[in-house]
Amino acid sequence: TAGLTLIAVGCSILWLRYAATLGAPPREGSDQSAQLARLMEHPLEFLGIVVATFQSQLGWWSREFAGMLAGHTPMPFIMYVPPALAVLASTAGGVGAARPTRLEAVWFALLMLGVLALTLLVFHVTWTPPGKDIIEGIQARYFLPLTALAAVALARLRWGTGMAATQ
């Protein structure tokens with residue numbers, strides 16, 4: 001687990017160093033310095049913005065997460081059921097299947113929350129104009145890597161056998 005984490009972090013660092021050289025232009029209206037200054041002056045305001053963003057975008061993200069037709073047309077509801085069932089099935093495991101210890105499950109849950117928080121922070125600082133009440137620019141595809149972390153964290157539970165064991 002630690003080895004895979006180090007590989008993932010190393011690859012991320014290499015990618016970010018490379019991507020920094022590409023010099024993508026900032027979004028019109030965004031001001032990273034002003035946004036960082038506001039964040040430092042009012043750090044708890046960011047939590048409210050995160051909550052407002054989820055309240056505003058969660059429905060859209062849930063549809064976009066499983067796919068959109070032509071990038072903007074939601075698919076029929078039935079098309080969203082299989083991905084949801086796949087995530088639930090990943091927590092079920094088979095008879096005698098190994099499942100993560102409580103510590104491993106907590107570790108993966110914390111990794112997932114950390115990646116989520118950093119993703120939101122990056123878009124808040126680099127893409128969202130200062131003073132906006134929601135974080136702009138986030139797309140559901142940015143959450144796809146989190147599903148693997150969530151599946152490992154949730155695998156601590158066995159839906160068919162009640163709540164998590166006491167390991």
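1. Ser30 sits in the loop between helix 1 (2-20) and helix 2 (32-41). Helices here are DSSP runs (H or I, at least four residues), numbered from the N terminus. The model is predicted: local features need pLDDT of at least 70 and side-chain atom pairs pLDDT 80 or more, while totals for chains, interfaces and linings use all residues. Residues are numbered from 1 along each chain as its sequence is written, and side-chain values use heavy atoms, leaving out hydrogens and water.

2. Ser30 counts as buried because its relative accessibility is 15% (buried is under 20% relative accessible area, exposed over 50%, partly exposed in between; 1.4 Å probe, protein chains only). Apart from neighbours within four places in sequence, Ser30 is in contact with Thr126, Trp127, Thr128, Pro129 and Pro130 (contact means heavy atoms within 4.5 Å).

3. Ser56 belongs to helix 3 (residues 43-66). With a relative accessible area of 43%, Ser56 is partly exposed. Ser56 and Ile134 lie 78 residues apart in sequence, yet their C-alpha atoms are 7.8 Å apart in space.

4. Helix 5 (residues 102-126) packs with helix 6 (residues 144-154) at an angle of about 155°, the axes being 8 Å apart. That angle makes helix 5 roughly antiparallel to helix 6 (roughly antiparallel is over 145 degrees; axes are lines fitted to C-alpha atoms over the stretch in contact, with angles from 0 to 180 degrees between N-to-C directions).

5. From helix 5, Ala105, Phe108, Ala109, Leu111, Met112, Val115 and Leu116 meet Leu146, Leu149, Ala150, Val152 and Ala153 of helix 6. The residues of this contact comprise 12 nonpolar, no polar and no charged (Ala, Val, Leu, Ile, Met, Phe, Trp, Tyr, Cys and Pro count as nonpolar, Asp, Glu, Lys and Arg as charged, and the others, Gly among them, as polar).

Methods:
Helices (H or I, at least four residues) and strands (E, at least two) are DSSP runs, numbered from the N terminus. Angles under 35 degrees count as roughly parallel, over 145 as roughly antiparallel, 65 to 115 as roughly perpendicular and the rest as oblique.
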